[in-house]
Amino acid sequence: MSQRTIGVVGAGTMGQGIAQVLITGGFPVQLYDVADEQLGRAQAAIDKGLGKLVAKEKLGEAEKGEAMARLELTTSLEALRGCEVIVEAAPEQPALKEKLFRDLSRLSHDAILASNTSSLSLTRLAAVCERPERVVGMHFFNPVPVLKLVEVIRAEQTSDATVARIEELTRQLGKTPVAIADSPGFAVNRLLIPMINEAAFLLQEGAASAEDIDQSMKLGAAHPMGPLQLADLIGLDVCLAIMEVLQEGFGDPKYRPCPLLRRMVAAGYLGRKSGRGFHIYQ
Ligand code: CAA
């Protein structure tokens, strides 16, 4: 395995995007998931994502082939042994992530273990690892190939060298790092998700339609998409989970989740991924 090989754990939307920017940036990638079918879907999505770049003449056909050749798929965590950095993008379930971090820290003693978690405490994840100073947050934004920011989150235990390497890797991917402490919601989600929650309150009160709420922020605040459209992109379940983390983390009632958001999640209206959220998708 090349010294530069990066492991990616989880082949969902975020894992796919992270793997795509890594192989485009020249890094060999071991993409791990428990499910073979999910790996197949991820490979197809990455191929399509690179195809968009070829169509826009931002990438040559040969470069696309070289990038795809850097992608290896695996259902064995063992294949990540020897990776310099492992980026975890598994579902946001604390018990699952803690088990993964415990296993990875035993498997790859020297690797930096970076989590793409959008809400969980890095300090708690680091605490289950053999080398907690090598645990850090590396939080990408959806769609990963398009959005330029990476939040680099420092757990209480994270070393300066670990932060410096992840900031360097972020720049090698053409993205911009911002350093942030391990505080609930970090920076972006602490600002963004309460706005989405407030948009859900507006809708619940019947103050405006979903279309008009979205139009207001697109035309009145120059956001690329409205807050309810954005909720549908992120996933309503993810938005609700982040509000709960903010409410629990700060103990402040201003972070109470909107009851409409809760009802929609209970109904399975999760946004684009389920075909229906605040808007309907074909
Ligand atoms: N791979 C490579 N390039 C891609 C791509 C992919 N998978 N998907 C899109 N692109 C490129 C397109 O080719 C296009 O390129 P050009 O500008 O050169 O034409 C560009 O990205 C924009 O794509 P589209 O034209 O398809 O779409 P758009 O202009 O309507 O923009 C959007 C769509 C990028 C989603 C934009 O609306 C946007 O930025 N919305 C806000 C998204 C946002 O706020 N995300 C953060 C969510 S919070 C989060 O992720 C954190 C969390 O923890 C919850």
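1. In this predicted model, the side chains of D47 and K64 form a salt bridge, with N and O 3.3 Å apart. The two partners come from distant parts of the chain, 17 residues apart: D47 sits in helix α2 (residues 36-55) and K64 in helix α3 (residues 61-69). D47 counts as partly exposed because its relative accessibility is 33%. K64 has a relative accessible area of 12%, so this residue is buried.

2. A salt bridge also joins E88 and K97, whose closest N and O atoms are 2.6 Å apart. Both of these residues are buried.

3. R262 and E244 form a further salt bridge, the closest N and O atoms lying 2.8 Å apart. R262 belongs to helix α11 (residues 259-267) and E244 to helix α10 (residues 236-250), so the pair ties together parts 18 residues apart in sequence. R262 is partly exposed, at 36% relative accessibility, and E244 is partly exposed as well, at 32%.

4. The count of salt bridges comes to 14. E84, R165 and E168 are linked in a network of them.

5. R165 is also one of the buried residues of α6, along with T162, V163, I166, L169 and T170. They cover an arc of only 165° around the axis, which means that they lie on the same side of α6. The face turned away from that buried side carries the exposed residues D160, A161 and R171.

6. After α6 comes G174, which has a positive phi, near 80°.

Conventions. Residues are numbered from 1 along each chain as its sequence is written. This is a predicted model: local features need pLDDT of at least 70, side-chain atom pairs count only at pLDDT 80 or more; totals for chains, interfaces and linings use all residues. Side-chain values use heavy atoms; hydrogens and water are left out. Buried means under 20% relative accessible area, exposed over 50%, partly exposed in between (1.4 Å probe, protein chains only). Helices (H or I, at least four residues) and strands (E, at least two) are DSSP runs, numbered from the N terminus. The arc is that of the directions from the helix axis to the C-beta atoms. A salt bridge is a side-chain nitrogen of Lys or Arg within 4 Å of a carboxyl oxygen of Asp or Glu.
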